[in-house]
Amino acid sequence: MLCLGCNGKSLFECFYPSLMAFNLKVLIQASQKRTAQRGCDPCAYLSYDLVMGQFISAPPKPTAPRLNDQIVKKGQNITFSWEADYEVNGKWKKDGQTLRDGGRIRIEQLSDPKCFKLTITNAEENDEGEYTLELENRAGKASGSAKVSVLVPPKPTAPKLKDQPVKIGQNITFSWEADYEVNGKWKKDGQTLRDGGRIKIEQLADPNCFKLTITNAEENDEGEYTLELWNSEGKESGSAKVNILEYNTAWRHISWGENEERKTFLMQYKPSNEKAEHLHFLLCGSVGSGKSSIINTISSAFQKRPVVKATAGAAISLDQSQTTDYKTYQIKDNEGTVLPFVFSDTMGLENEEDAGVNTSDIIRALKGELEEGYMRRWSSHSSMEKPPLRRWSSHSSMEKPPLFKKAHCLVNVIAANKIPLLRESENIIKKMHEVRKAASKLGIPQVVFMTHVDLCCPLVQEDLKNIFLSKEIKEIVRFMYFNNMCVCVCLQNIFFR
Ligand SMILES: Nc1nc2c(ncn2[C@@H]2O[C@H](COP(=O)(O)OP(=O)(O)OP(=O)(O)O)[C@@H](O)[C@H]2O)c(=O)[nH]1
Ligand SMILES: [Mg+2]
């Protein structure tokens, strides 16, 4: 198009200089106004939008987002966010791959101010990596990255809880530490325990410590206690037993502390048959059951000082008797007066069929036919010679054994701590039965003397007077009784030391 007033110059050539001058003027004015509004912001400038035919403000070049490295536990959320107060677009990447919204990934973009937010819920091991936020606008682009590490706890290991013997009124306490992320719960006999009342359940963090306390233990607190542990990697559990050691009331009544009265009674005792002279107790039991110690204990009680009459102690070998001779011991008081009862010590019964004392010799001793010092040992491990056996018999020309030689009571000595072992020693049981059967036939009364009770129950070890409150001892007695280990002996005829 030509300009009619300018000798054929194009309209553009004619108006261009003045248009440029106008543009420049407006640009300067707008720039001054903008600077006055914003201060000396170097990023703030104007440009002319030719399409819209107007000046618009252009965004600043994006700055690199600063994202922080993160260490999260497996199952926790991973969260990144970044704000920008200018027009900008953004996208999230993980290890160079663009992330899309959906599933465990939540991508949010808020405006005013612009906020870019990335959330990954329930973190997994493979969420570990480098996360990047890329920003872009007309002025340029920038990006920022951060690393995510996901901590995966180890699979729980089975807690090791210790069995607990507990007295009534004491506290029951279990605790277990785990230096990794794990949840836990306590159970008793399969039932979940709740905090409250006498039950206190504590869970401390760092390290994870699980603690269960039951105050003021009662009889029905006895049972199996379990700690169950679980985390994202699996579950495990561990259990232990609580044994309430005692009953509230004694299962046998005995008046403790009346020893002097009892001793006087025993010292003044006279057998109704004068010919008997004294009461004769024959001790019989397995090797090391405590036969000789009974004689020493009774002598010490009457002499009011430690007395060692019968050789007692560790056996030559585990199944060979320390006592090698048949011997009868008198009991004296501290003034040397002989008391009206004697105890005969025998060799221990052994499990090998032909070893140890022969039951027929014990039966002879019951009848009063065995010589003092007589010992019979058939076992291959003995090289000792057998002394001659002198017997009184109705067929021999010798006199019948006098009444005081006969046994008036068979004392079956059983070590309480060896009862389960004894049950497996078939031959010992068999031999004891033989002797008891003979005693019954001869009309000789029998008792069981249970030794080593202190080694079976801490309550008894602490104080022997607790013996008839002890559940453990009662269980042992029941076990022995119901496994036919003391035939012919009623429960009342079981004595303890
Ligand atoms: N803790 C404890 N130890 C005991 C008890 N009675 C005996 N003993 C010990 O058990 C071991 C064996 O005791 P002895 O009296 O020699 O037993 P024994 O039945 O005569 O043994 P043999 O003659 O070898 O057949 C010894 O070391 C005693 O001190 C008891 O009631 N408690
Ligand atoms: Mg002995």
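In this predicted model, the shell around ligand 1 holds 21 residues, of which Gly290, Ser293, Gln322, Thr323 and Gly348 come nearest, a residue being near a molecule if its C-beta atom, placed from the backbone, lies within 6 Å of it. The largest share of this shell, three residues, is supplied by helix H3 (residues 291-303), where helices (H or I, at least four residues) and strands (E, at least two) are DSSP runs numbered from the N terminus. By residue class, the shell comprises five nonpolar, 13 polar and three charged residues; Ala, Val, Leu, Ile, Met, Phe, Trp, Tyr, Cys and Pro count as nonpolar, Asp, Glu, Lys and Arg as charged, and the others, Gly among them, as polar.

Residues are numbered from 1 along each chain as its sequence is written, while chains are lettered from A and ligands numbered from 1 in the order in which they are written. Because the model is predicted, local features need pLDDT of at least 70 and side-chain atom pairs count only at pLDDT 80 or more, whereas totals for chains, interfaces and linings use all residues.

Five strands form an open sheet in the order S3-S10-S9-S5-S6, with mixed pairing, and its edge strands, S3 (70-73) and S6 (97-98), each pair on one side only; two strands pair if DSSP finds at least two bridges between them. Within this order, strands S5 (residues 89-94) and S9 (residues 129-137) run antiparallel and are joined by six bridges, with Tyr131 in S9 as the bridge partner of Lys94.

Strand S17 (residues 223-231) pairs in the antiparallel sense with strand S13 (residues 183-188) over six bridges, and Leu229 in S17 stands opposite Gly184. Nine bridges join S17 to the antiparallel strand S18 (residues 234-244), where Gly238 stands opposite Leu227, and S17 and S18 form a hairpin with two residues between them.
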